[in-house]
Amino acid sequence: MLISSRSGPFDRDAAEAAAGGLTARMKRLPEVAGVADPLLSEDRRILMVEVALKGEERDAKDPRRPRAGLS
């Protein structure tokens with residue numbers, strides 16, 4: 001997951017608090033296999049949290065394909 005700032009660098013403490021909350025919520029989801037530690041870019045404008053989902057990639061649903069019964 002990427003979180004970017006529109007108005008300049010993140011406040012480091014606020015960014016770390018937000019990433020900690022996001023990381024904790026993601027770890028509780030049954031579909032999540034793992035969550036990496038948050039990474040803050042050198043210019044502090046982008047925060048990345050890598051999330052690995054359970055299951056095989058080939059089994060993932062393509063969000064671009066319409067689902068049966070939905071138009």
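Modeller: Before we start, a residue is called buried under 20% relative accessible area, exposed over 50%, and partly exposed in between, with a 1.4 Å probe and protein chains only. This is a predicted model, in which local features need pLDDT of at least 70, side-chain atom pairs count only at pLDDT 80 or more, and totals for chains, interfaces and linings use all residues. Residues are numbered from 1 along each chain as its sequence is written, and side-chain values use heavy atoms, leaving out hydrogens and water.

Colleague: OK, so where does R44 sit, and is R44 buried, exposed or partly exposed?

Modeller: R44 lies in the loop between β3 and β4, where strands (E) are DSSP runs of at least two residues and helices (H or I) of at least four, numbered from the N terminus. At 30% relative accessibility, R44 counts as partly exposed.

Colleague: What about the phi of R44?

Modeller: R44 has a positive phi of about 60°, although it is not a glycine. Most residues other than glycine have a negative phi.

Colleague: Switching to helix α1, which residues there are buried?

Modeller: Those are A15, A19, L22, T23 and M26. Seen down the axis of α1, the buried residues fall within an arc of 105°, so they line one face of the helix; the arc is that of the directions from the helix axis to the C-beta atoms.

Colleague: And which ones are exposed on the other side of α1?

Modeller: On that side, D13, A17 and R28 are exposed.

Colleague: What covers the buried residues of α1?

Modeller: The cover includes β1 (2-4), β2 (32-35), β4 (46-48) and β5 (51-53), with contact meaning heavy atoms within 4.5 Å.
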